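Colleague: I would like a close look at a single part of this protein. Please keep it plain, and take me through it step by step.

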Amino acid sequence: MHPESRSSLRSRLVVIAAVLGAAHPLAAQTASPAVCRQVLAPRATGGPQVADTAFSPRVDNPAFAAGAGPLVLLDEAHNNFHTVAGRYAPFADLLRRDGFVVEPVRDHFTDVALARVKVLVIANAMADRNKGNWTLPTPSAFDAGEIAAVRRWVVAGGSLLLIADHMPFGGATAALASAFGVYMTNGFATDSGHADEFVFTRALGLSRVHPIVRGRNASERIDSVRTFTGQAFHADSTAVPLLVLAPGTLLLLPSEAWKFSDATPVMPADGMLQGAALRVGRGRVAVFGEAAMFSAQVSGSARRPMGMNAPSAGQNPQFLLNVMHWLVRLTPE
């Protein structure tokens, strides 16, 4: 593990406090009361999120013949907020248009269960304790045996796409992520304009060099990626940052999801990550701190687009395909 700066160590301690459900005393000291009042003003969540079944992106040059690509299993064994037939239906549809085979997995992770899988996708898992109860504490969604099995599988050559959004999902996934040197928080990221959405560009926060961003050719080059709230995380030096949060970004650490007050701890999140890629043994791991960016949803009675269907998220579908191509080694290093 690389040496940490004082600020990085402080952030790591806040992560531990957030996962354990402590009072976050360190975080509470990092933002002024005036900033807290501005950031913590009541905000609408937009209402229930459902898959946008009208979203139908084109894939002009599929990577594989229809149904002949690698097997992708989407976790549905851990109270996942996103499922193949639910909020991640657009995710599954896009991958299938590219030739991937996408199926749900509803069994806990073991060496045998993972043996046939090329890419394992885990999106917004949570523990039984938080099902319908998004309050602290947020224990791990995965037991020690599952975490060990997933790590063995990756080291042997498997590919993991790990996605964990704002509380309670960051806390539920923190133990699994830490097995790969990724340290998740259990809060809500908010941008400097408090719109709770982020646009990463090559000029601000988006990697310019990683194969996921370069793509296989000029038509797959990524210049912009949009995310929607989410969390923020740190990673060891073995990880390559893909999405770096801008100056002015803050992280809110409530004890109940979407419930904020002047007492809610706030900490700076600029320089923290919402996306990273790393190689572990013979395997590959891509980690993201926001889930809607890889789906297409509508929210509330106004049916606000949230995800790949959002007006400024036009390159998100290609970005997802680039992530998958890197995970299955189609993209040159």
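Colleague: What covers the buried residues of helix 6?

Modeller: Several elements do. The cover includes helix 5 (111-114) and helix 7 (169-178). It also includes strand 4 (119-123), strand 5 (159-163), strand 14 (273-280) and strand 15 (283-288). Keep in mind that this is a predicted model.

Now the helix itself. Helix 6 spans residues 144-155, which makes 12 residues. From its first C-alpha to its last it reaches 17 Å. That is close to the 16 Å expected at 1.5 Å a residue.

Which of its residues are buried? They are Glu 146, Ile 147, Ala 149, Val 150, Trp 153 and Val 154. These residues cover an arc of only 165° around the axis, so they lie on the same side of helix 6.

Next, the two ends. At the start of helix 6, look for Asp 143. One of its side-chain oxygens comes to within 3.1 Å of the backbone nitrogen of Gly 145. At the other end, Gly 157 follows helix 6. The phi of Gly 157 is positive, near 130°.

How far can you trust the model? The mean pLDDT of the protein is 88. Of its residues, 86% reach 70 or more. Strand 5, one of the elements covering helix 6, has the highest mean pLDDT among the elements, at 99. The lowest, 35, belongs to helix 2 (residues 25-28). Over residues 1-30 the pLDDT is below 50. Even so, that stretch has 48 contacts in the model beyond near neighbours in sequence. Residues 40-44 are also below 50, and they have 10 such contacts.

Now step back to the whole. The protein has 9 helices and 17 strands. Of its 333 residues, 56% count as buried. Take the contacts between residues at least 6 apart in sequence: 76% of them join residues at least 24 apart. The protein exposes about 13,200 Å², and carbon and sulfur atoms supply 56% of that.

One more residue deserves a look. Thr 227 sits in strand 9 (residues 224-228). Its relative accessible area is 0%, so Thr 227 counts as buried. Its side chain makes a polar contact with the side chain of Gln 274, at 2.7 Å. Leaving out residues up to four places away in sequence, Thr 227 touches several others, including Phe 198, Phe 200, Leu 243 and Met 293. Glu 197 and Glu 290 are also among them.

Definitions and conventions. Residues numbered from 1 in each chain as written. Predicted model: local features only at pLDDT ≥ 70, side-chain atom pairs only at ≥ 80, totals over all residues. Heavy atoms only, no water. Helix = DSSP H or I, 4+ residues; strand = E, 2+ residues; numbered from the N terminus. Buried < 20%, exposed > 50% of the residue type's maximum accessible area, 1.4 Å probe, protein only. Contact = heavy atoms within 4.5 Å. Areas by Shrake-Rupley, 256 points an atom, 1.4 Å probe, with all protein chains shown as cover. Polar contact = N/O pair within 3.5 Å; in protein donor to acceptor, adjacent residues only side chain to side chain. Expected span 1.5 Å × (residues − 1). Arc of directions from axis to C-beta. pLDDT = per-residue confidence, 0-100.
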